[in-house]
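Please open the model in your viewer and keep the selection panel at hand.

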Amino acid sequence: MNNSEKSSKTKDYLQTKRNNENFKRSNEILYLFYSADKLSWPCISKIGVQKCLYFSEILSPLKEIILSFLNFIYLHRGPYSKDVQNILDYLVSLNAIEVVSFTSIRENSYVDYKITPEGKSLVENLILYPVEQEKLGWIEIVMKLVDAYKGCYDLSEEYKGADRIIDLVYQEPSFKEIKKKNVKWELIPVGDKNNLTMKLIWFLKEAEQSLPPTFNRERYKLDLETILLSFFEYLYVEHLSQKQGNGHK
Amino acid sequence: MWNIYPKNKEMDTNKLIKIVTSNPILEACREIDVNPTDLIKFYNNLDRLLKKDIPYGEIGERFTFLLVLTKGEKEIETELNIFETNVFVEEIKKGLFDKSNVLFVNSNGMVVTKFGDQFLNDYVQAAKLSQEHGKIVLFIQYMELHFFANGKPIYYDPNILQSERIGITTPKTLPAREYRQLILNQYSEMVSKQRCLQYWANKARRLLKSRPEIYFHKPLWWYLNEYVVDGKVDSGASISGTEDRTDIRILTFESREVYIIEIKCLGRTESGTYLSDDWANQGLIQINLYLKGESDSTRGTLVLYDGREKDEDIAWCTKIDCSPKYDNDPMRFYLESESASVKSKKIYGNLKKRLRSG
């Protein structure tokens, strides 16, 4: 095989790998819509998808789930991944999701999507693979927590539905650290087991060990669901504290 | 040897531990088999309903409910959802719940069924119902909330509109070692203004309700629980190895300190009991016994709410053997019963007298 053939094969291989990654990513985004439908959400906006996906990815080392991580950067509305839009367009073209509403204000477009019956059927086939079933299970846990917190008192009234969790995303430690530097387009270390988010999660995982012996430590041991709940609660409390001018710097 | 508490500048570990140990939802999940995410969803929606959506001015005391949380299995829902505020408020206004205020609801707020034709307006009945059914029961009366799981009190909030989320840091939050300042702040904000506290049976005659301590105990526990930033605040914790129970105990996370607070009330009660110097001295003995009995205790104090006729010092018994941990300055708060207009009239009368006498 000459050099040109080798180079062409390598290119093909990389393209196939990229395509595979995109397939996996599109599956994961489809799971997000599937979970939203199970929670009886009428739709999810583009912003909502970005934020729910961000939580699913940044917290995934807790469950040791390997997701096809997207690159999230710091942008004015919090963590943003430019690939999400392409995948959404792709899913619409597959008729796996559909556009529920579209509004355009100045340069910004606001689109709401929901899963189609074809999309649901796709998911039901995909989850026959245990790995995919596990991914869906994880996304469902995160989405259930988003669902539990999206109705909280004192979150921004500017947004509706899942978009209201923007205030919680702003308090997410890895995002917050980059925001402090105020360098737009900087990459957020999603998927890193040692980022600030995961440090906080590891602390919660063994929180009872930090208690003095006067406490019944066994009583305060947290499981996966209560670790995540405590994490979301922390974000909410930080948001409320910051509103009163006392957030953790 | 216990772990060294992790010092971490990147996160507020006190806030995290406060949430883990004191958040009512996590506490409830330790008492009863319930899905934590379902419960937090219900609690968040209820919090929003009570803080933002309920027109208290319009429905006032009619807003008395006992909510029994179901697990959402094989239930036939009615068409009423308590989180659909407009509909719910309309039903209240129409008087739908005037005779029957016990609602079985699922975590989405859907009313599953009304429980017979009972109107319960007492948190003790709510606790009983919670124990009988092994369920989470929330008793809401106007702006007051009682939260039970399996009959056990989990959380109490004397004023929903003023309450903060557990773990929040505000200009009012302080470390546990500042407990005296916090008790003082609670007196200024709540007791002196009689906000969320109803301890007088007959204010004009300065008659306190029977067993008056209970009317001060819960609101003080609530205040400390909200505003102590570095510790867990317990009510009725037992002294190690005994059946004695402290009124309030604060366990700090990092510094391993234990503070004990004993509450006593002085004055005449509606049942005719007169509580005065003897009662205060008994309180002093009690707090000192607790401090001696609890080897981990750091400091403790006696808080006296004084409803006697005159604002007089206590005749303390000098023979009481006080622990070195006893904060040698009991906090006595004289309970005012005169309205501002009566008080100003008196002050002005005294002023005039003094002016006349030169």
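Select B:Arg256, which is placed in the loop between strand 10 (248–252) and strand 11 (258–269) of chain B. This is a predicted model, and the backbone here deserves a look: phi of B:Arg256 is near 60°, a positive value in a residue other than glycine. B:Arg256 has a relative accessible area of 42% and is therefore partly exposed, since that class lies between the limits of 20% and 50%.

Next, move to B:Arg211, in the loop that joins strand 8 (207–208) to helix 8 (213–227) of chain B. Phi is again positive in a residue other than glycine, with a value near 40° for B:Arg211. The relative accessibility of B:Arg211 is 63%, so the residue counts as exposed.

For a contrast in setting, select B:Asn101, in the loop between helix 5 (85–94) and strand 2 (102–105) of chain B. Is B:Asn101 buried or exposed? Its relative accessibility is 0%, so B:Asn101 counts as buried. Display its surroundings as well: beyond neighbours within four places in sequence, B:Asn101 is in contact with B:Thr64, B:Phe65 and B:Leu66, and also with B:Gln118, B:Phe119 and B:Leu120.

Now colour helix 9 of chain B, residues 277–293. Its 17 residues reach 24 Å from the first C-alpha to the last, close to the 24 Å expected at 1.5 Å a residue. The buried residues of this helix include B:Leu284, B:Ile287 and B:Leu291, with B:Asn281 and B:Asn288 also among them. To see what covers these buried residues, show strand 11 and strand 13 (299–306) of chain B, which are included in the cover.

Turn to chain A and select A:Asp83, in helix 3 (residues 82–93). Setting aside neighbours within four places in sequence, A:Asp83 is in contact with A:Arg25 and A:Leu70.

Helix 5 of chain A is the next selection; it has 20 residues and spans 29 Å from first C-alpha to last, close to the 28 Å expected at 1.5 Å a residue. Among its buried residues are A:Trp138, A:Ile139, A:Val142 and A:Met143, as well as the charged side chains A:Glu132, A:Lys135 and A:Asp147.

Finally, display both chains and the boundary between them. There, 41 residues of chain A are in contact with 49 residues of chain B. The two chains bury about 4,100 Å² between them, 64% of it on carbon and sulfur atoms. Highlight A:Tyr153, A:Phe203 and A:Arg219, which supply 15% of the area that chain A buries against chain B, more than any other three residues.

How many salt bridges are there between chain A and chain B? The count is seven. One to display is that of A:Arg219 with B:Glu31, whose closest N and O atoms are 3.0 Å apart.

On the side of chain A that touches chain B, helix 5 (130–149), helix 8 (196–205) and helix 9 (224–243) of chain A each supply at least two residues. Helix 9 of chain A gives the most, with eleven residues. Coloured by residue class, this side of chain A divides into 21 nonpolar, ten polar and ten charged residues.

Conventions. Residues are numbered from 1 along each chain as its sequence is written. Chains are lettered from A and ligands numbered from 1 in the order in which they are written. This is a predicted model: local features need pLDDT of at least 70, side-chain atom pairs count only at pLDDT 80 or more; totals for chains, interfaces and linings use all residues. Side-chain values use heavy atoms; hydrogens and water are left out. Contact means heavy atoms within 4.5 Å. Buried area is the accessible area (1.4 Å probe) that two parts lose on being put together, summed over both. A salt bridge is a side-chain nitrogen of Lys or Arg within 4 Å of a carboxyl oxygen of Asp or Glu. Helices (H or I, at least four residues) and strands (E, at least two) are DSSP runs, numbered from the N terminus. The expected span of a helix is 1.5 Å times one less than its number of residues. Buried means under 20% relative accessible area, exposed over 50%, partly exposed in between (1.4 Å probe, protein chains only).
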